[in-house]
Amino acid sequence: MFKKNISIIIPMNDDIKYLTAKYDDKKITSIEGIKNINSLEKLKILNLNCRHVILIPAEKIYLSSHIIKKKENEDIKVAEKSFYEKYNKNNIDLINDYYYDSIHFADPENKNNLNLKLLAVEKEYIDSLTKNLDKYPNNYLVTALPTALYSLNKKFIKQNNYIFYYKIGCSYTITADYKNTLDLLHSQIKEENIEREIKKIRKYYLNKKNTDMAVIEGGPELFNLGKFKNIDKDEFIFLASLLWGVNEW
């Protein structure tokens with residue numbers, strides 16, 4: 001099987017950061033360093049075997065969570081006006097202005113309920129990133145960074161419930177895995193405020209759940225990333241995402 005290329009792309013502030021790697025049968029054979037560009041069009045220098053994974057940071061994601069009765073499940077159609085008039089507390093124009101997805105699963109607090117989560121990103125934002133890749137529409141995947149890391153965490157973190165926080169650029173994002181359910185708790189937290197925010201979450205979120213949870217910081221040692229190259233905690237996010245991206249393809 002010929003060697004393949006994959007690029008991991010994370011829009012951040014006014015820049016686009018990316019790294020590329022070669023892999024063969026899902027084994028990473030080489031990694032290029034993290035680079036800054038200002039347009040995805042410049043990624044066309046890669047050959048046509050390259051797959052692009054575009055990870056959207058938490059601060060760009062609209063996340064809405066609702067508890068509903070199971071018996072109402074058959075009547076929920078996200079694409080219908082009746083849905084977002086009932087559940088859209090922020091009064092966004094979900095159908096016309098956003099790309100969105102929804103997921104519903106059993107509510108861990110009550111087996112008669114469903115936990116409905118709505119995840120959306122503005123169409124204008126996604127379109128501005130992908131317009132230069134439309135020539136090869138099957139060559140890229142757009143997804144949410146917190147969800148991607150959550151998927152990878154399940155392979156490495158041996159905890160049933162935990163709070164996970166990571167830094168991307170100048171700000172932090174805090175998520176939680178509670179009974180195998182991802183909660184996006186807070187994003188765009190400045191470094192000087194991260195300890196305070198974690199204390200608040202431990203006080204209010206954990207009291208609400210009536211449980212205790214480990215607090216885990218995203219760092220190179222977590223996924224044993226040091227064997228690839230020497231990286232600091234700010235760079236961890238990109239190589240972690242790379243592992244997830246190769247796994248997805």
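## Ground rules

Because the model is predicted, local features need pLDDT of at least 70 and side-chain atom pairs count only at pLDDT 80 or more, while totals for chains, interfaces and linings use all residues. Residues are numbered from 1 along each chain as its sequence is written, and side-chain values use heavy atoms, with hydrogens and water left out.

## The nonpolar cores

Let's begin inside. The largest nonpolar core has 33 residues, and Tyr-166, Phe-236 and Leu-242 touch the most other members. A nonpolar core here is a set of buried Ala, Val, Leu, Ile, Met, Phe, Trp, Tyr and Cys residues joined through side-chain atoms within 4.5 Å; buried means under 20% relative accessible area, exposed over 50%, and partly exposed in between, with a 1.4 Å probe and protein chains only. At least two residues of this core come from each of strand 1 (4-12), strand 2 (15-24), strand 5 (50-56), helix 4 (145-156), strand 10 (162-168) and helix 6 (233-248). Helix 6 gives the largest share, nine residues. These elements are DSSP runs numbered from the N terminus: helices are H or I with at least four residues, strands are E with at least two.

Leu-242 shows what such packing looks like: leaving out residues up to four places away in sequence, Leu-242 touches Ile-6, Ile-8, Leu-19, Ala-21, Ile-28 and Ile-31. Contact means heavy atoms within 4.5 Å. There is also a second, separate core of 14 residues, including Ile-16, Tyr-18, Ile-54 and Ile-61.

## A buried threonine

Thr-130 belongs to helix 3 (residues 123-130). Its relative accessible area is 6%, so Thr-130 counts as buried. Apart from neighbours within four places in sequence, Thr-130 is in contact with Leu-40, Ile-54, Tyr-140 and Val-142.

The structure holds five aromatic pairs. Rings of Phe, Tyr and Trp (its six-membered ring) pair if their centres lie within 6.5 Å; planes under 30 degrees apart count as stacked, over 60 as edge-to-face and the rest as tilted. One of the pairs, Phe-156 with Phe-223, is tilted, at 4.8 Å centre to centre and 45° between the planes. This pair links distant parts of the chain, 67 residues apart: Phe-156 sits in helix 4 and Phe-223 in the loop between strand 13 (214-217) and helix 6.

Phe-156 is partly exposed at 33% relative accessibility, whereas Phe-223 is buried at 3%. Phe-223 also pairs with Phe-236, with centres 5.4 Å apart and planes at 45°, so this pair is tilted. Phe-223 is in the loop and Phe-236 in helix 6, so the pair ties together parts that are 13 residues apart in sequence. Phe-236 is buried, at 0% relative accessibility.

Strand 6 and strand 8 (residues 110-122) run antiparallel and are joined by eight bridges. Ile-67 has Asn-115 in strand 8 as its bridge partner.

Notes
Pairing = 2+ DSSP bridges.
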